[in-house]
Amino acid sequence: MGVLSKLYAYLYLRGFRVWASYRTQAVLTMLSWVLPVFTYYFTGTALGNELVSRLGTGNYTSFFVVGLAFQGYVSSTIATVSQRLRNEQLYGTLEYYVLSPSGVLGFLTYSSIWGFALNSVNAAIILAVGVALGIRFLPSGIIAASVIAALLMLSTFGIAAMSGAVVMVTKQGNPISFFFSTFTVLMGNVVFPIAALPWYLRYVSYTIPLTWALQGLRGALLYGEGIAQLLPVIGILAAFAAVTVPLGLLSYRVAFDRARRDGTLSQY
Amino acid sequence: MTALVGPNGAGKTTLLRILSTLILPTSGEAYVDGMDVVSRAAEVRRRIGLVTVSDRLLYYRLSGLENLTFYGILYGMSVSEARSRARELLDVVGLGKWGDEPTMHYSTGMTRRLAIARALIHDPDIILLDEPTLGIDAVSSRRVRALVRSLSDGRTVVLTSHLMKEVEELSDSIYVMRAGQVIARGSPSEIISMAGRVVEAVLRREDVTPELSKFVVRDDGETVLLRAPADVVPGGAIEVREVEPALEDAYVLLAGEGGSDVRPYQFRRGGAHVRGGPV
């Protein structure tokens, strides 16, 4: 009951009601979900899908559609949490989360869930556009894809917490959010196959949970691979989550304690 | 009802934030109802409701009802409980008619009353109010003061204010602060009595020493009107008239700053805005 009420508060009231009240922004956001699909579709067509396929991607359209659909879970959620914190500082409402029994951990958790919810719509739209472009997703891989997506979200939650911790200290200018919103498209196996990257960048790519998640998601959704076949990817993502979640929560807590000690909770 | 008064930078807001657990004390200890604000912060938070001073404080795109419902849920209420409590509080603060309006359409006074309603959402025993009437018009101030007065029924209220009339009207006890220290405490009448016998005196400008500058209420260029305790007014005043002491007189005496560079600002039409002597 408590969780449902909080989902109503965070997802419907503070999330959807506020988001939808900025209609122009809402329309532009939805356009920003769909337009890159066509951009990369025509890029693939112009460059020749065959050339890209030689890098071991299979069909390039299906490659980037899955990449774009799930990349938002990482970049947008991390940006959402840090932007949310910054907004609350500007509104003067952050202190009221600290005072409430929900606390700042509740704030982090439900803000992340809002990010995930918004990106689930984003992912569904992009996958639907993919279907319209002729991609066939295999239902047999849905369970494995769900497990991989859940682990991706868990590790993203940890990174979002670290990003929130940085915002609490720097107020503006967030390298974590910047990295994940900018470089993941290039290096996260999203629209460029890792094989297309210079060798030294591949090692950076391997340190990003999204790289592994997309490999698994493509295997599951496009080739119908099950949990057993994707166990190595699932193990790597679980390891990422085991590191990022405790590290994220610790840094988030330290950042809030520091803000309380320095009296900078409401500064922006 | 306790009031914290003092000049800007005295530490009033910092003290309220320490008591509400938002700031950790750098030294010393602070207790709310016997509970250490550091080691028992969660319990303290359940007991207090805070109203901070800010232009915003709420989700402007949401209605008053939605704002209060949101905070009610943060305090562990179900959606229906929070909504019902929100409606009840909107009536208490006189915003029942505007509950469904987005708060971006609220006046500053209405926003302030809604902020007070938010502090009451979990029915706390202690309310901390930081300058509750700052920046709102006289009629709205009166409504907010009436609301604040009604809060003290069965609760402890601690407020900060720069308006001495407001403090005198509302509070049972007053703490005067300066530079992070409490320099005087007592009931309004006890604090007022610290001013002793108060006079209004007209002096020649050259007779006003820097130490007296905090008592200046009018400066005509050649003569200066002081309102000060009788024993600080120098001899040779052009005119002296005894007046009824007010809280502001005691406040200026206790917390006001004097000194060589603290002279009243003056403005002359067509001239510059200057500090100190005649233009």
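**Notebook: chains A and B, predicted model**

I started with where the two chains meet: 25 residues of chain A and 26 residues of chain B make the contact. I count two residues as in contact if their C-beta atoms, placed from the backbone, lie within 7 Å. Before going on, I noted that this is a predicted model, that local features need pLDDT of at least 70 and side-chain atom pairs count only at pLDDT 80 or more, while totals for chains, interfaces and linings use all residues. Residues are numbered from 1 along each chain as its sequence is written, and chains are lettered from A and ligands numbered from 1 in the order in which they are written.

**Chain A side of the interface**

I looked up which elements of chain A touch chain B. At least two residues each come from α1 (2-21), α5 (94-99) and α11 (231-262) of chain A. Helices here are DSSP runs of H or I with at least four residues, strands are runs of E with at least two, and both are numbered from the N terminus. The most comes from α1(A), with 10 residues. By class I got 11 nonpolar, eight polar and six charged residues on this side of chain A. For the classes, Ala, Val, Leu, Ile, Met, Phe, Trp, Tyr, Cys and Pro are nonpolar, Asp, Glu, Lys and Arg are charged, and the others, Gly among them, are polar.

**A helix pair in chain A**

Next I checked α4 (residues 60-91) and α10 (residues 209-223) of chain A, whose axes come within 10 Å and cross at roughly 130°. The axes are lines fitted to C-alpha atoms, for helices over the stretch in contact, and angles run from 0 to 180 degrees between N-to-C directions. So α4(A) is oblique to α10(A). Under 35 degrees would be roughly parallel, over 145 roughly antiparallel, 65 to 115 roughly perpendicular, and the rest is oblique. The contact residues of α4(A) include A:Phe63, A:Phe70 and A:Val74, and those of α10(A) include A:Leu214, A:Leu217 and A:Arg218. I sorted the residues of this contact into 10 nonpolar, three polar and one charged.

**Domains of chain B**

Chain B splits into domain 1 (2-191) and domain 2 (194-267), with bounds from an automatic or database domain assignment. Their centres, taken over C-alpha atoms, are 34 Å apart. Domain 1 of chain B puts 12 residues into the contact and domain 2 of chain B puts in nine. On the domain 1 side, α7(B) gives the most, with three residues. That side has nine nonpolar, one polar and two charged residues.

**Single residues**

B:Met1 sits in the segment before β1 (2-5) of chain B. I found B:Met1 and B:Ser171 4.9 Å apart, C-alpha to C-alpha, though 170 residues apart in sequence. B:Met1 is partly exposed, with 19 other C-beta atoms within 10 Å. The scale calls a residue buried at 20 or more other C-beta atoms within 10 Å, exposed at 12 or fewer, and partly exposed in between.

Most residues other than glycine have a negative phi. A:Asn189 has phi near 70° and lies in the loop between α8 (175-187) and α9 (199-206) of chain A. With 29 C-beta neighbours inside 10 Å, A:Asn189 is buried. B:Asp123 has phi near 55° and is in the loop between α5 (108-119) and β5 (126-130) of chain B. B:Asp123 has 10 C-beta neighbours inside 10 Å and counts as exposed.
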